[in-house]
Amino acid sequence: MPAVVDHSVQARLITVPSVTREVTVGLRYDRHDPFAVQLVFPSEVSLDGQEVAWVFSRELLEDGMRARVGPGDVNVRPSGAERTVIELRAPEGVAVVEFDTGSLLRFLHGTYQLVPPGTEPLELDLDRGLTSLLG
């Protein structure tokens, strides 16, 4: 069974000041980091020309499709019945990314096939983590 779920989806990127553009965003889930998902932005939309990845909890993404969540740098909220908005806050500014909710649900469904909700702790390799921390 694969260890990673990768999806590419079309999104609408809205930056400050209000500039909007369509962009292909990568959605990534790795069973070795079972609580997290990644949004990967291509280099052409970053300030320094490098690919940018934002990492946040899978639960935050799921919950944000139903109600506004996220007290920190990543906020997720529904925008009508068919869209989901993810706000990303960094020292350089704020980016708002609007997704088709169905695309996010398909991605989440793939992650749940790989690691069902509630079984994430079983995927953690504590020995590997301790070895990494202790060197």
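Which residue is the bridge partner of R12 in β2? I looked it up first: the partner is E22. I note here that the model is predicted.

**Entry: overall layout**

I counted the elements next. The chain has four helices and seven strands. Read along the sequence, they follow the pattern β-β-β-β-α-β-β-β-α-α-α. I then checked burial over the chain. Of its 135 residues, 37% count as buried. I also looked at how far contacts reach along the sequence. Among contacts between residues at least 6 apart, 38% join residues at least 24 apart.

**Entry: the sheet**

I traced the strand order. The seven strands form an open sheet, ordered β4-β3-β2-β1-β7-β6-β5, and the pairing is antiparallel. Which strands stand at the edges? They are β4 and β5 (74-79). Each has a single partner strand, so one side of each lacks a neighbour in the sheet.

**Entry: β1 and its partners**

I went back to β1, which spans 4-15. How many bridges join β1 to β2? I find 12, and the two strands run antiparallel. V9 stands opposite V25 in β2. R12 also has its bridge partner in β2, namely E22. I then turned to β7. β1 pairs with β7 over five bridges, again in the antiparallel sense. In β7, F99 is the bridge partner of A11. A reminder to myself: side chains in a regular strand alternate between the two faces of the sheet.

**Entry: helix α2**

I asked where helix α2 lies. This helix, residues 101-114, lies across β1, β2, β3 (36-41), β6 and β7. It runs at about 155 degrees to β1. I picked Q113, a residue of helix α2. Is Q113 buried or exposed? Its relative accessibility is 53%, so Q113 counts as exposed, the cut-off being over 50%.

**Entry: L61 in helix α1**

I moved to L61, found in helix α1 (residues 58-64). Buried or exposed: which is L61? At 1% relative accessibility, L61 counts as buried, because the limit is under 20%. I listed what L61 touches, leaving out residues up to four places away in sequence. The contacts are V37, F56, V76, I86, L104, F107 and L108. For V37 I also noted the separation.

**Entry: the largest pocket**

The largest has a volume of about 610 Å³. Of the 20 residues that line this pocket, T15, V45, S46, L47 and A95 are the closest to its centre. Which elements give two or more residues to the lining? I find β1 (4-15), β2 (19-30), β4 (52-57), β6 (83-90) and β7 (93-100). β7 gives the most, with three residues. I sorted the lining by residue class too. It divides into 14 nonpolar, three polar and three charged residues.

Technical notes:
Residues are numbered from 1 along each chain as its sequence is written. This is a predicted model: local features need pLDDT of at least 70, side-chain atom pairs count only at pLDDT 80 or more; totals for chains, interfaces and linings use all residues. Side-chain values use heavy atoms; hydrogens and water are left out. On a 1 Å grid over the protein atoms alone, a cavity is a set of points where a 1.4 Å probe fits but cannot get out, and a pocket is an open set with protein on both sides within 12 Å along at least five of seven lines; lining residues have an atom within 4 Å of a point. Grid points are joined across faces, edges and corners, and a volume is the space filled by probe spheres set on the points. Ala, Val, Leu, Ile, Met, Phe, Trp, Tyr, Cys and Pro count as nonpolar, Asp, Glu, Lys and Arg as charged, and the others, Gly among them, as polar. Two strands pair if DSSP finds at least two bridges between them. Contact means heavy atoms within 4.5 Å. Axes are lines fitted to C-alpha atoms, for helices over the stretch in contact, and angles run from 0 to 180 degrees between N-to-C directions. Buried means under 20% relative accessible area, exposed over 50%, partly exposed in between (1.4 Å probe, protein chains only).
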